[in-house]
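Colleague: Thanks for making time. Here is the model I wanted to go through with you.

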Amino acid sequence: MSTDIKADAAQAIAWDLIRLLHQGAGADDFAARLAEAESLPDSEGDKAGLIELVRMAMALRNRLELSQQRESGMLAVIESARDLSSHLDLAELLQAIVSRARNMLGSQVAWLSTYDTALEAFHVIAVDGALARSTGNMTASNDHGIVSVVVRTRLPFTTPDYLSDTRFTHDPALDATFRDEGVAAVAGVPLLWEGEVIGLLFVADRYHRTHTAHNISILSTLATHAAVAIKNAKAFEQANAARASAETARAELERHARKVQAAAEAHEQMTSLLARGASLATLCEAVAQLMQGCLLVLDEAAQVIARGTAPGYDGAAALRYEPNGHHSSALAKAVRESRQVGRSVLAYEVDGEACRVNAVIAGDDMLGSVLLFRRDALDEMSVRTFERATSVVGIVLLARERSEASQSRDESSLLRALVSPRQDDVPVLCERAARFGLELTQPCTFLLLDLGEPNAGQVARRLRTGKLLPHAIFDEMDGVLTVLCATTQAENVRRVVTELARNGAGAQWRGVVSRPLSGAPSLPAAFLMLRRALPVLRRLGVQGHIVSQNEMALYSTLFETHDQQSLAAFLESTIGALTGYDEKRGTELAPTLLSYFDSNQNAKLAAQRLGIHVNTVRQRLATIEDLIGHLGNASRALEIHIALRLWNLTRDAP
């Protein structure tokens, strides 16, 4: 009976082992069965056979587990190979490889690093299972950590306790990250391509672990797939870049062809306009529309002589342009540079608009400049188109200048003949003047403006270009702008000339206008008198003011040979005490005395003119006599009166 029971127990153990193998039980279950067999009494005759049977089952279980691992590793390799041929992008593929490596080796953390040329180190690009944020941002140089060993040997490397391993130089930053992550065991394999380490694949555990050769083999295979994926991706990027470059080159070639065609059409359009004798204004409008901006044509004094604006262009920089504005220095510098290099240059930018300037030159002469205002930058072809259009504008300006020069020569010749002391054939001169719209049989007026060189010539050209004085004869004569017009037009001429003088010369100008003149024979003497008056005005310090001939007649005779210091000394010695008293105390003694003399020394009439009481005038006269002496002497009174008139003349000048 006992023999049967023993046979039944052995059979039960055998069936239990088969069941465990079928269920894929863990090693602990088999270890329990081994302990149970070893605990049987030694008197049991078949105890050794049962123990050997359990151990055989355990060995079979280990072989089955190893086979399953190999099968799983092979499936992982197959899946990675399948992913390589799928449409996953590089980031997704590398993340899948990292996840498979972690799962296949049963590790807690896995990551993949590639070499970053900018950092000159290996940088993590994919991570799985990390708990610390710094793990995904790890950077390892070639001479620290496991990286140094793998890069040097190009072989896998494992360590059961990374932080205590002394086979490599530790990086404090990496050690801190591993402590945060709790990493103990680490295994790393290289990503090799043509003998070069382009990256590394790592798995790590938070406990001490020794990896088998089979594990390292699976990890190396996944690393090879990762290397292939990275190189394929780079090759794909290079192919895409080459294709994109080819597409860009083709598109650029097409754009260039269109620009060349547009430039040729623009040149043909400009040539056609020039051949038809188009005006400067028409050319400006055409160029502005062509360049999609606003165009200004300036003369040599930076004054606008023509403009054009493209339809729909809303820039306001051209409208705000002023010859002496905020950007005048930048513009002058750009014009000089353009003249030197023979090309257009950028002058300045304002409110999103760029001003490009091109100097217009004829030989050694400067005809002016062309300004283009645009919001968008010009490419090289458009710049060339603008410069060719500027050349066409220069041809028109040169033609205008020659026409104006011819007219100017005729006008200058006539004006010099009229002011010459030896007038030849007055009827012929009158007939020539009539061609310019001036009737010398009617009262005429001279206006002389001292602007200095070269301003006088520039103002004359501006008057002629703008046709601002249509019925007058004018020219620059020895640095003086000389204008002869009908007396009825004198005020308008004075206004136009004054405005141009202020814009072109600031306050550094002065002028004199004659009384009405009758007949051509009276012109030479009047011109000579006005010419004598201008130096006197300069010596008196008169600036920015036009004085009438009646005011200057006496002083021109008395002081034309005196310099400014002599005149200042004369005023100081005659009425210096009076003007000094007024300046110091804020009184009005000098104006009161001048009004008194102008009123024929009538105190009551002077008081009426000054709008004060007659007793106030008498009190002031008493103070004046205390300062400069008695006024009863006729010669002394004349001298003081002249001095006061001169003082008042300089005071009235702005």
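Colleague: Let's start with an arginine. What is the relative accessible area of R320?

Modeller: R320 has a relative accessible area of 46%, which makes it partly exposed. On the scale I use, buried is under 20% relative accessible area, exposed is over 50% and partly exposed is in between, with a 1.4 Å probe and protein chains only.

Colleague: Before we go on, some background, please.

Modeller: This is a predicted model, so local features need pLDDT of at least 70 and side-chain atom pairs count only at pLDDT 80 or more, while totals for chains, interfaces and linings use all residues. Residues are numbered from 1 along each chain as its sequence is written, and side-chain values use heavy atoms, with hydrogens and water left out.

Colleague: Back to the arginine. Which residue does R320 form a salt bridge with?

Modeller: D351, with 2.7 Å between the closest N and O atoms. The rule for a salt bridge is a side-chain nitrogen of Lys or Arg within 4 Å of a carboxyl oxygen of Asp or Glu.

Colleague: How many salt bridges does the count come to?

Modeller: 18. One of them joins E181 and R206, with the closest N and O atoms 2.6 Å apart. That pair links distant parts of the chain, 25 residues apart: E181 sits in helix α6 (residues 172-181) and R206 in the loop between β6 and α7 (213-275).

Colleague: Is E181 buried or exposed?

Modeller: E181 is buried, at 4% relative accessible area, whereas R206 is partly exposed at 27%.

Colleague: Which residues are linked in a network of salt bridges?

Modeller: R343, E380, R384 and E387. Within that group, the side chains of R384 and E387 meet at 3.7 Å, N to O. Both are in helix α10 (residues 380-419), three residues apart, so about one helical turn separates them. R384 is partly exposed, with 34% relative accessible area, and E387 is buried at 8%.

Colleague: New topic, sheets. What is the strand order in the open sheet of six strands?

Modeller: β3-β2-β1-β6-β5-β4, with antiparallel pairing. The edges are β3 and β4, each pairing on one side only. I call two strands paired if DSSP finds at least two bridges between them. Seven bridges join strand β1 (residues 109-116) to β2, and L112 stands opposite A126 in β2.

Colleague: Which strands does helix α4 touch?

Modeller: Helix α4 (residues 90-105) packs on the sheet against β1, β2 and β6, and its direction makes about 70 degrees with that of β2. Helix α5 packs there too, touching β2, β3, β4, β5 and β6, at about 135 degrees to the direction of β6. Contact here means heavy atoms within 4.5 Å. Axes are lines fitted to C-alpha atoms, for helices over the stretch in contact, and angles run from 0 to 180 degrees between N-to-C directions.

Colleague: Which residues of α5 are buried?

Modeller: In α5 (residues 145-153), they are G145, I146, V147, S148, V149 and V150. R154 follows the helix with a positive phi, near 60 degrees.

Colleague: What about the sheet of five strands, what is its order?

Modeller: That open sheet runs β13-β14-β12-β15-β16 with mixed pairing. Its edge strands are β13 (472-477) and β16 (545-548), and the twist averages 15 degrees from one strand to the next. β13 and β14 (residues 480-486) are antiparallel, joined by six bridges, and I473 has L484 in β14 as its bridge partner.

Key:
Helices (H or I, at least four residues) and strands (E, at least two) are DSSP runs, numbered from the N terminus.
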